[in-house]
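Please keep the sequence and the structure in view while reading.

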Amino acid sequence: MTPADHSDITTLIQSYFEGLHQADSTMLRKVFHPRLAYVCATEGDELYLDLDTYMTRVDAREPPAKRGDPRDEAILEITFGSNRIARVTARMSMMGRDYLDFLTLVPHDGQWRIVTKVFTYLPRKD
């Protein structure tokens, strides 16, 4: 893939982090594919949502930014399978939890979009 693809995905994931920190569903709808599959894979807390249901939940939460929560996130890996599929591994802390996200991206309307978000909670480091 091209350096532009890598840059576009990095920018997209930064918007993803910002949208989550601000609990901004308008911003998040710009990074997610309209057919998003949202999956919490944490044992005992499994959850499967579509985009609209997930955005309703985002709209109902108090933004971590408003609570003054510090930002702590990182892109761990960007992998391209072809010019039509990419995967991002990311981690972040939010709402008192540490998360590991596996995000699958595909082009939609000429831009990369997250089509699957599969994540789990990680043990907190004290």
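On a 1 Å grid over the protein atoms alone, a cavity is a set of points where a 1.4 Å probe fits but cannot get out, a pocket is an open set with protein on both sides within 12 Å along at least five of seven lines, and lining residues have an atom within 4 Å of a point. The model is predicted, so local features need pLDDT of at least 70 and side-chain atom pairs count only at pLDDT 80 or more, while totals for chains, interfaces and linings use all residues. Residues are numbered from 1 along each chain as its sequence is written, and side-chain values use heavy atoms, with hydrogens and water left out.

A search of the whole structure finds one cavity of 30 Å³ or more. The space in the largest cavity is about 40 Å³, a volume being the space filled by probe spheres set on grid points that are joined across faces, edges and corners. Its lining consists of His 21, Pro 64, Asp 69, Pro 70, Arg 71, Glu 73, Met 92, Ser 93 and Met 94. Strand 4 contributes the most to this lining, with three residues; strands (E, at least two residues) and helices (H or I, at least four) are DSSP runs numbered from the N terminus.

The largest pocket holds about 290 Å³ of space. Of its 17 lining residues, Tyr 38, Arg 61, Met 95, Tyr 99 and Phe 119 lie nearest the centre. At least two residues of the lining come from each of strand 1 (32-40), helix 3 (51-60), strand 4 (85-94), strand 5 (97-108) and strand 6 (111-122).

Several of these strands are paired, a pair requiring at least two DSSP bridges. Strand 1 and strand 6 run parallel and are joined by five bridges; Val 39 has Val 118 in strand 6 as its bridge partner. Strand 5 and strand 6 run antiparallel, with 11 bridges between them, and His 108 is partnered by Gln 111. In their hairpin, two residues lie between the strands, and Asp 109 takes a positive phi near 50°.

A nonpolar core is a set of buried (under 20% relative accessible area, 1.4 Å probe, protein chains only) Ala, Val, Leu, Ile, Met, Phe, Trp, Tyr and Cys residues joined through side-chain atoms within 4.5 Å. The largest such core has 30 residues, and Tyr 16, Phe 32, Tyr 54, Leu 105 and Ile 114 have the most contacts inside it. Helix 1 gives the most to this core, with six residues.

Definitions and conventions: Buried < 20%, exposed > 50% of the residue type's maximum accessible area, 1.4 Å probe, protein only.
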